[in-house]
Each structure stands twice: as structure tokens, then as C-alpha cells.
Amino acid sequence: VGSWQTNLTPITGLRLSTSIAYNGYLYVIGGDPNDATLATTTVQIMKFNGDGSLGNYATSSNSLLTTRAGQSSFVANGYVYVIGGRDSNSTILSSIEFAKLNNNGTTGPWATSTVSLLQPLNMFASVVANGYVYVINGINGVTNNYVSYASLPRTSIAGNLDLLGFASSTLSDYGDSTLGSVGGSIFAGNIFSAGKLEVTGGSQL
């Protein structure tokens with residue numbers, strides 16, 4: 001890590017907010033101005049510049065549905081999820097809100113998930129790995145020392161996915177045929193196979 005610098009464009013000062021980065025934008029979500037009764041629904045957005053600085057912030061026209069501070073957040077499948085925290089009445093929350101992240105940096109309208117945390121939690125961490133979200137520790141009257149987890153939305157195919165059946169004009173190739181790209185390509189961070197994984201032609205690892 002190099003030397004730290006202060007961004008010349010400050011955002012609205014809020015403690016216990018949460019933040020995510022996605023597609024060249026920084027999102028600062030919720031928090032309160034050092035007063036628990038003033039927890040906000042605000043979503044602030046700033047663009048990352050090439051030199052590491054941030055552009056001017058804008059307030060999203062789509063606010064959270066519930067005031068929150070001390071919550072956690074994560075990104076999965078093009079959506080931002082905000083989980084737990086406490087509201088402006090100091091009620092600790094178990095609810096989850098989510099919104100679509102648009103290519104221009106805006107968010108879609110927020111909605112409340114039908115699934116909640118196992119218990120209301122405040123001031124905890126969350127992380128996404130291998131298709132699961134993990135919630136770590138937190139406070140609900142007392143400090144919790146445990147990890148809970150849940151599967152993230154995924155696409156299930158009850159059959160075969162045959163990319164070779166697509167013509168190149170339908171699903172564009174990436175690279176050339178020596179890389180096995182005829183019929184299209186699959187880009188993934190990790191591929192998990194519950195059975196046999198067979199690769200024909202050239203392969204690069």
C-alpha cells in the first residue's frame with residue numbers, strides 16, 4: 001500500500017455506513033450523523049477516477065426502504081444487498097434489502113427480500129465466496145461469536161448446456177478456435193464440477 005491521500009471531494013459525513021464498489025463506482029449506504037435516532041436511507045455514489053481519486057458524489061434517487069446504520073452489504077450477480085443493522089428507533093434488524101446496480105452507476109428501486117437473517121444483527125461483517133454469503137459475529141444485545149451462511153441466487157439447469165450448438169454468428173467467439181472458443185465462451189471465477197469435467201482440444205490454465 002502506498003502513502004494515503006485525502007480525497008478532495010468529501011461525502012456527507014455518516015458513521016456506521018457501509019460501502020461497496022462495483023463497475024467503477026463507489027456506493028456509501030446508510031449510516032447516521034453521530035446520532036442513532038438519525039439513521040438514514042441515503043445511498044451516495046461516487047465514480048472512481050483513473051488516478052485513484054473520486055469524482056463528485058451524488059445522492060441516489062432510490063433510497064433504502066428502511067433507515068439503517070451498522071448494517072453490512074455485499075454485491076452478487078449485479079445486485080447490491082444490504083443486511084441487518086439498526087433503524088432510527090434503535091431497533092436491531094434482521095431484514096435484507098436489495099437493488100439492481102445499473103451500468104451508469106445508478107441503482108434500481110430497493111426491495112425487501114422474503115428471506116431474513118437468522119436473528120437481528122448490528123455491527124457485523126459479511127463476505128461472499130463460492131456462491132455463498134457469510135455473516136460473521138455481530139451484536140444483538142450481546143456480542144455473537146458465530147458464523148452463519150446462505151446460498152446466493154444461482155441458475156440451475158435440469159439438462160445440458162450445449163454452447164457448441166450455437167452458431168458463431170449467434171454467440172460470438174472469443175479468441176480463435178485453437179483456444180476451444182468455437183461456439184462461444186464461458187467466463188467464470190471458479191467452476192465447480194460435481195462429476196466428471198472433460199476438456200477436449202486445447203486448454204490453458
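Modeller: Happy to walk through this one with you. Two strands pair if DSSP finds at least two bridges between them. Please keep in mind that the model is predicted.

Colleague: Thanks! Then which residue in β2 does Ser19 stand opposite?

Modeller: β1 and β2 run antiparallel, with 5 bridges joining them. As for Ser19, the residue across from it in β2 is Val28.

Colleague: And what is the phi of Asn23 in the turn?

Modeller: β1 and β2 make up a hairpin, and 2 residues lie between them. Asn23 sits in that turn, and its phi is positive, at about 55°.

Colleague: Which strands stand at the edges of the sheet, each with a single partner strand?

Modeller: The sheet is open and has 4 strands in the order β1-β2-β3-β4, paired antiparallel. One side of each edge strand is left without a neighbour in the sheet, because each has a single partner; these strands are β1 and β4.

Colleague: Let's turn to charges. How many salt bridges does the count come to?

Modeller: Side chains of opposite charge can pair when their charged atoms come close. The cut-off here is a nitrogen of Lys or Arg within 4 Å of a carboxyl oxygen of Asp or Glu. By this rule, the count of salt bridges is 3.

Colleague: How many residues apart in sequence are the parts that Arg15 and Asp32 tie together?

Modeller: The side chains of Arg15 and Asp32 form a salt bridge, with N to O at 2.6 Å. Arg15 lies in the segment before β1 and Asp32 in the loop between β2 and β3, so the parts the pair ties together are apart in sequence by 17 residues.

Colleague: Which residues are linked with Asp32 in a network of salt bridges?

Modeller: Arg86 also meets Asp32 in a salt bridge, at 2.7 Å from N to O. That pair links distant parts of the chain, 54 residues apart, with Arg86 in the loop between β6 and β7. Arg86 is buried, with a relative accessible area of 8%. In the network, Asp32 is joined by Arg15 and Arg86.

Colleague: And which residue forms a salt bridge with Arg68?

Modeller: In this pair the closest N and O atoms are 3.1 Å apart, and the partner of Arg68 is Glu97. Arg68 is in the loop between β4 and β5, and 29 residues separate it from its partner in strand β7. Both residues are buried, and the name you asked for is Glu97.

Colleague: One last thing: how far apart in space are Gly85 and Gly30, C-alpha to C-alpha?

Modeller: Gly85 has its place in the loop between β6 and β7, and it is buried, with a relative accessible area of 0%. Beyond its neighbours within four places in sequence, Gly85 has contacts that include Ala69, Ile92 and Phe124. Gly85 and Gly30 are 55 residues apart in sequence, and their C-alpha to C-alpha distance is 9.5 Å.

Terms used
Residues numbered from 1 in each chain as written. Predicted model: local features only at pLDDT ≥ 70, side-chain atom pairs only at ≥ 80, totals over all residues. Heavy atoms only, no water. Buried < 20%, exposed > 50% of the residue type's maximum accessible area, 1.4 Å probe, protein only. Contact = heavy atoms within 4.5 Å.
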